[in-house]
Each structure stands twice: as structure tokens, then as C-alpha cells.
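Dear colleague,

I am handing over the structure below, and after it I set out what was found. Please read the notes with the structure open beside you.

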Amino acid sequence: MRNTYVLPESHWNVTFLDKTDADIYYHESVCKLLDLLTVNINNKFHITDIPLGKITNVPSSKNPLKVAGENAIILDASPGCYWGQYAFQYAHELCHYLVDSKWPPMRDEWFEEVICECSSRYWLNWLSKNNFYPLSSDIFKNYAFQRTLHINSFNFKDLQNEDSQILTYFRENHEDRPHFNFLANQIMPIINDDPEIWSEMILLRTISDNFTFMENLNNFVSQSLKHKKSFKRIVALFL
């Protein structure tokens, strides 16, 4: 089944590729959710002139992603009212879309994955405080909380060493969710204390292979105009 809609506020095209018939009212409600997120995330990033694009939900496509080189996002939300899943995936991929990092990715692009995980949690919690009729706020709050539990711990200080096993592993595996969730658990309080830091998260696009991981982090501090204190707190996690 193929249903296509245009988000009224952001004008993105949204296509659902469900294998079974889906309630049109359900699709329209999902679009309202995505539109709400689009407008508010763009505003938080202070970006208002992003290119128009398309969103396609392809159940069982294995991985949601921002399509490299295209103004396109693919979601992999399950059929039915998995509202937290839609919000989580879209807030993550739209973060990648707005940061618009280099392609092919730099070796420390894995850190962008951590920040986009934080984006998902931030907006899930935001939705839990802003009524999205007719859903319960607990749907979004509980989904965000579950992300904090699926973790693998590691010593942050090991990332100071360019030859460390963990940093080498991250550079070869940009999708290690349990480790990245553990790091996101530590970064989220910093973002919650300074939510306007999202306006400078486009600094992630400055990550370069010409610098060490710690140099890349410190470059965020030096380039930040309004949120140096918060970026310093992030750097301090690894010291």
C-alpha cells in the first residue's frame, strides 16, 4: 500500500509503504506528529531555509537513515500506533539532516550519532510535556526512558588516547547503540540545562580527520559563540 501526504507546515512529502492496509486517519495523525517535530526542531536549530525533501516509512527496512546526498529520510517504524518509534527515529534522522556533515563521513562521525541519540530523547521528552492529542504523554516519556537502559558502559577517559581500543572500535562501528546510549546518558543533563545549545550543534559538521577526537571536541568550544560553557562540560566528560 502506498499513501503520500504533504506536511502542511514544512511541506515535506511523506510516503507510507505499508505491506497491509492502514487507516488513513492513522497516517494523517503520524504526519501531524512529524510536522510538529519538523517545525520545532528546525526552530531549535535556528534553521528556517532547509531544502524541501521527502520522508518515506518503509517497515522492515532494517535501519532508519538520512539518505546521503539526497534531501530524503527513510524511517522504519512498525505498522500500527508506534508513536514513540516514529518520534524517536525522525528526531534522530532530522538531526543528521540539519547538521549536514561531510560525505563520506569522517572517522569521528560516530560522535554525531551520540548527539542525534540525544536529539531523539530530547524531543521524546518534549512531546511528553506538550500534549499531542489524543495520545498520553507517557507514550513518549516511557520510550525515552527505555533508551537509557540499553547500555554498555566504558571508560570515557580512554577516548583521550588516539590508539585506544575503544576509540578505534567506535571509528569502525558508527552504529554501536549500547555504548552510544551510555554516553548519551551523560550528555543529556548538559543539553537539558542548556537546550539552546541545539542552535550550535551544526558545529558537528566541522569534525575532521585532520584532528584527534579531543581536538575535534575542543574545536566546538573554540567555535561556539554562545554555549562555550556547555561544550566545555561535554569535553570535561572525557578528561
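A residue is called buried here when its relative accessible area is under 20%. Please keep in mind throughout that this is a predicted model.

By that cut-off Phe-45, with a relative accessibility of 2%, counts as buried, and Trp-198, at 0%, counts as buried too. These two residues form one of the 25 aromatic pairs that the structure holds. Their ring centres lie 5.9 Å apart and their planes meet at 35°, so the pair is classed as tilted. The pair also links distant parts of the chain, since Phe-45 belongs to helix 1 (residues 24–45) while Trp-198 sits in the loop between helix 6 (177–193) and helix 7 (213–223), 153 residues apart.

A second pair to look at is Phe-111 with Phe-213, whose ring centres are 5.9 Å apart and whose planes stand at 65°, so that this pair is edge-to-face. Because Phe-111 lies in helix 3 (residues 110–129) and Phe-213 in helix 7, the pair ties together parts that are 102 residues apart in sequence. Both Phe-111 and Phe-213 are buried, and both belong to one aromatic cluster, whose members also include Trp-110, Phe-154, Tyr-169, Phe-220 and Phe-238.

As for helix 3 itself, 18 of its 20 residues are buried, which leaves the helix mostly covered. Its length can be checked as well: at 1.5 Å a residue, the 20 residues of helix 3 should span 28 Å, and the C-alpha atoms at its ends are 30 Å apart, which agrees.

How many disulfides does the structure contain? The count comes to 0 disulfides, where a disulfide would require a pair of cysteine sulfur atoms within 2.5 Å. Cys-95 is in no disulfide, and the nearest cysteine sulfur to its own, that of Cys-116, is 3.1 Å away.

With best regards

How values were computed. Residues are numbered from 1 along each chain as its sequence is written. This is a predicted model: local features need pLDDT of at least 70, side-chain atom pairs count only at pLDDT 80 or more; totals for chains, interfaces and linings use all residues. Side-chain values use heavy atoms; hydrogens and water are left out. Rings of Phe, Tyr and Trp (its six-membered ring) pair if their centres lie within 6.5 Å; planes under 30 degrees apart count as stacked, over 60 as edge-to-face and the rest as tilted. Helices (H or I, at least four residues) and strands (E, at least two) are DSSP runs, numbered from the N terminus. Buried means under 20% relative accessible area, exposed over 50%, partly exposed in between (1.4 Å probe, protein chains only). The expected span of a helix is 1.5 Å times one less than its number of residues.
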